Amino acid sequence: MTTFHSVVLKCPQCGTLMSDFELMSYTVHHATSWSDGKNDTGMPGMQRVKICAVCHLPFWKDDATLPYDPDWDVADELGGALDIRDLLEPFDDGWQEFKIQYYNKLIEENFADDEDKEMYLRTQLLWAVNDLIRYHTGFRKPKNLRQLTDWVKRHKKRRQESDRRLKLFETYEQLFTKNLERLIFLYIKKGDVDLIYLADMYREKGDFKKAKMILSKYEEDKNKMFRKLKRKILIKSRFVFRLD
Ligand SMILES: [Zn+2]
């Protein structure tokens, strides 16, 4: 079951009050999970960085949320807070690169005032760069004749699009690697390390030796993610992949 309650945010820059909501609990239906930790749950309200509807400056939702008052039904009275998705039309071709630049700018301007927030921004940046290739490479093999006919028809076009995206991805290589290095540092420092996730970050950075070494220390259930990751490291593939 998915439940929300509404909250009031106060812009730290101009003081405007806006409505937003908090997710109390949710059930994931058919969520696609990716090796870099991204979940395509389609759930709104997960953005920690909000944008003021009046002054258009970004702020941290955590810091701007006013204490909850059950008597104040705000949904009808206040305008909603914006977030990154309101700045550009999704599915616009420039959208994915815009996201990369947006998060990178926030990081460079030290918008995060603690390491937890920095990790959040760097994770968003990691996902944004991976989004360039996430949905456009590694097509599944056709499973039956109908899919095969379709696959052949679209193969050439998809191949071209996939090549274009890989080239674009490569232009962000330096930023991507630098971001991962800092993310790994912060992740280890924070403690409570998931070895599979850590090994995957090294794999994406192209450090297959280290990724293999870390994975060899993993002694829990050898699940699907473990087996896929082991194979990706073996064939020296750096790209983000689907878990299902
Ligand atoms: Zn404002």
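1. Leaving aside residues up to four places away in sequence, Asp131 touches Lys38, Gln96, Lys99 and Arg165, where a contact means heavy atoms within 4.5 Å. The C-alpha atoms of Asp131 and Lys38 are separated by 9.9 Å, although the two residues stand 93 residues apart along the chain. Asp131 has its place in helix 3, and it counts as buried because its relative accessibility is 3%; buried is taken as under 20% relative accessible area, exposed as over 50% and partly exposed as in between, with a 1.4 Å probe and protein chains only. Its side chain also makes a polar contact of 2.5 Å with the side chain of Arg134, a polar contact being a pair of N or O atoms within 3.5 Å, of which, within protein, one must be able to donate a hydrogen and the other to accept it, while residues adjacent in sequence count only if both atoms are side-chain atoms.

2. On the basis of the note: this is a predicted model, in which local features need pLDDT of at least 70 and side-chain atom pairs count only at pLDDT 80 or more, whereas totals for chains, interfaces and linings use all residues. Residues are numbered from 1 along each chain as its sequence is written, and side-chain values use heavy atoms, with hydrogens and water left out.

3. As to the overall architecture, the protein has eight helices and six strands, which run β-β-β-β-β-β-α-α-α-α-α-α-α-α from the N terminus on; these are DSSP runs numbered from the N terminus, helices being H or I of at least four residues and strands E of at least two. Of its 244 residues, 40% count as buried, and among contacts between residues at least 6 apart in sequence, 63% join residues at least 24 apart. The accessible surface comes to about 14,800 Å², with 53% of it belonging to carbon and sulfur atoms.

4. The zinc ion is coordinated at 2.3 Å by the SG atoms of Cys11, Cys14, Cys52 and Cys55, donors being N, O and S atoms within 2.8 Å of the metal (3.2 Å for Na, K and Ca). The angles among the four donor atoms are 106 to 118°, and the site is tetrahedral, a label given to four donors if all angles lie between 85 and 135 degrees. In sequence the donor residues follow the spacing C-x2-C-x37-C-x2-C. Distant parts of the chain are linked here, since Cys11 sits in the loop between strand 1 (3-10) and strand 2 (17-25) and Cys52, 41 residues apart from it, in the loop between strand 5 (49-51) and strand 6 (58-60). Cys11 counts as buried at 2% relative accessibility, and Cys52 counts as buried at 0%.

5. Asn130 also lies in helix 3 and is buried, with a relative accessible area of 1%. The side chains of Asn130 and Asp36 are joined by a polar contact of 3.0 Å. Beyond four places in sequence, Asn130 touches Asp36, Phe169, Phe176, Glu204 and Val240.

6. Helix 5 (residues 173-190) has 18 residues, which at 1.5 Å a residue should span 26 Å, and its end C-alpha atoms, 25 Å apart, agree with this; the expected span is 1.5 Å times one less than the number of residues. Its buried residues include Phe176, Leu180, Leu183 and Tyr187. Among the elements covering the buried residues of helix 5 are helix 2 (95-108), helix 3 (115-134), helix 4 (145-171) and helix 6 (195-205). Just after helix 5, Gly191 takes a positive phi of about 85°.

7. Helix 6 is largely enclosed by the rest of the structure, because 10 of its 11 residues are buried. The cover of these buried residues includes helix 3, helix 5, helix 7 (208-216) and helix 8. At the start of helix 6, a side-chain oxygen of Asp194 reaches to within 3.0 Å of the backbone nitrogen of Ile196, and the helix is followed by Gly206, whose phi is positive, near 95°.

8. Two backbone values deserve a look. Asn110, in the loop between helix 2 and helix 3, has a positive phi near 55° although it is a residue other than glycine, and it counts as exposed at 61% relative accessibility. Lys236, in the segment after helix 8 (224-234), has a positive phi of about 55° although it is not a glycine, and it is exposed, with a relative accessible area of 57%.

Terms used
Four donors count as tetrahedral if all angles lie between 85 and 135 degrees; four count as square planar and six as octahedral if opposite donors are over 155 degrees apart and all others between 65 and 115; anything else is irregular. Accessible areas come from the Shrake-Rupley method with a 1.4 Å probe; for residues, only the protein chains shown count as cover.
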